[in-house]
Amino acid sequence: MKLLQGIRPLTLPLSITPVLIGGFSALEAVRASRVRSMKELCVMGDQACRHVQHVQSQANAGFFVIWALCFAVALFMQIAANFANDYSDGVRGTDAGRTAVAGAAAGAATVASSGAAADGASSGAAGPADPADQMGQAGQTSQTNPVDQAGPAHQMSQMGQASRSGPSDQSNQSNQAGQNPSQSRGPSRLVASGTNPLHVLIASIVCAALACEAGLGVIALTGQWWFLAVGVACLLAAWFYVGGRHPYGYHGLGGVAVFVFFGVVATLGTEFALASRITAMGICGAVSAGLSACVVLGVNNMRDIDADAANGKRTLTVILGRRRAAVLMLLELLMSIVALCAAVGVLKSPLGICGALLAFSMAIVCASDAKECGFPDDEEPVSVDFRAMFRHAIGLSVALAIAYALCLITM
């Protein structure tokens with residue numbers, strides 16, 4: 001169960017979505033290419049047409065084998081990065097505060113914050129493969145005191161009392177729960193919870209090796225040996241995000257890494273491996289997937305704002321502050337939908353419009369979350385459910401994959 005917690009399965013859609021979109025883009029490119037080739041070659045007679053169809057049927061099997069290997073690369077690479085982040089942050093002591101509040105905060109991943117405090121507060125971030133998962137919180141709820149296990153009516157009463165109390169009252173309540181600025185409201189991590197760091201490191205190495213094996217399979221089937229350089233870059237990015245003496249994830253570059261590796265590399269790399277080309281749909285999909293992953297990272301940043309700032313984790317949200325970080329999330333949401341609409345326009349897909357509306361509805365929900373967290377009404381204390389924010393952000397990623405899939409369906 002602890003290993004499952006370290007895998008963080010609720011975050012895995014972030015690596016699945018770009019591979020899906022890249023594969024859908026490749027399918028569209030291959031389909032367009034086949035239409036052109038059939039028109040050109042079938043004028044040579046039935047024999048030529050039968051030969052072309054035979055070659056294409058043989059290529060179909062290879063296409064889906066390569067696509068499956070791309071999924072394996074992305075999944076195992078993200079899991080390896082999750083374990084590596086757990087290991088590095090654990091031995092560095094950044095995650096130490098998670099264990100202290102895991103019991104008291106499980107099932108109540110909310111933070112009371114005032115509008116005035118939001119303007120100047122700092123925020124924290126997770127690694128490129130460290131968007132917040134909530135695994136393990138349900139199991140830890142059973143370890144809380146009887147007050148935490150009270151029924152819904154009692155919890156509603158507590159929330160009402162919290163909303164009527166002033167900032168000082170909320171600060172006292174936070175202190176009574178054993179929470180201070182150096183403690184995170186996020187789920188506990190393996191090393192911080194007492195798991196042997198060596199075991200976590202070994203798990204990371206094993207998953208990285210599996211990703212490399214799948215990557216070598218892609219290279220062998222496609223003949224694109226320059227993918228080796230891409231693989232090495234992915235391994236280095238996963239380790240040095242929070243590992244090494246100067247982790248770049250501690251210096252405001254987390255969002256850049258997330259966009260590059262969960263957007264550009266995963267989407268366009270998959271498309272090129274499958275179709276040997278990059279299309280407009282693939283570029284739009286890379287932008288959408290990368291920015292949606294940045295939104296999930298932004299939720300992490302907001303959740304761990306105080307803990308990461310206190311532990312010296314100066315990520316982009318720490319540098320910008322809560323309000324400007326919320327504005328950045330709104331811009332990311334907007335651009336991800338704009339990119340999707342551009343793809344729908346290029347393909348002229350009626351069902352793609354339905355998919356765009358689905359993704360737009362999820363983006364509206366995420367935008368409401370960002371506004372509530374960064375811009376509380378009338379500067380009154382607000383309660384933000386970061387678990388719900390996380391689910392909404394993951395839902396946006398899934399909705400984008402569905403939307404790009406619908407773009408392939410012609411009427």
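The chain has 17 helices and 2 strands, where helices (H or I, at least four residues) and strands (E, at least two) are DSSP runs numbered from the N terminus. Please keep in mind that this is a predicted model, in which local features need pLDDT of at least 70 and side-chain atom pairs count only at pLDDT 80 or more, while totals for chains, interfaces and linings use all residues. Residues are numbered from 1 along each chain as its sequence is written, and side-chain values use heavy atoms, with hydrogens and water left out.

Of the 411 residues of the chain, 49% count as buried, buried being under 20% relative accessible area, exposed over 50% and partly exposed in between, with a 1.4 Å probe and protein chains only. If we take the contacts (heavy atoms within 4.5 Å) with a separation of 6 or more, residues 24 or more positions apart account for 85% of them.

Let me turn to one helix pair. The axes of helix 15 (residues 322-347) and helix 16 (residues 350-374) come within 9 Å and cross at roughly 175°; these axes are lines fitted to C-alpha atoms, for helices over the stretch in contact, and the angles run from 0 to 180 degrees between N-to-C directions. Helix 15 and helix 16 are therefore roughly antiparallel to each other, a term used for angles over 145 degrees. Helix 15 contributes residues including Arg322, Arg323, Met329 and Leu333 to the contact, and helix 16 contributes, among them, Gly352, Phe360 and Cys373. The residues of this contact divide into 16 nonpolar, 3 polar and 2 charged, where Ala, Val, Leu, Ile, Met, Phe, Trp, Tyr, Cys and Pro count as nonpolar, Asp, Glu, Lys and Arg as charged, and the others, Gly among them, as polar.

In the loop between helix 15 and helix 16 we find lysine 348, a residue other than glycine whose phi is positive, near 55°, and which counts as exposed at 70% relative accessibility. Serine 276, in the loop between helix 11 (254-275) and helix 12 (280-303), also is not a glycine and has a positive phi of about 60°, but it is partly exposed, with a relative accessible area of 47%.

Finally, what does the side chain of asparagine 82 reach? Asparagine 82, found in helix 3 (residues 46-92) and buried at 0% relative accessibility, reaches with its side chain the backbone oxygen of isoleucine 7 at 3.0 Å. Glutamine 5, which lies in helix 1 (residues 2-7), is also buried, at 14% relative accessibility.

Technical notes: Angles under 35 degrees count as roughly parallel, over 145 as roughly antiparallel, 65 to 115 as roughly perpendicular and the rest as oblique. A polar contact is a pair of N or O atoms within 3.5 Å; within protein, one must be able to donate a hydrogen and the other to accept it, and residues adjacent in sequence count only if both atoms are side-chain atoms.
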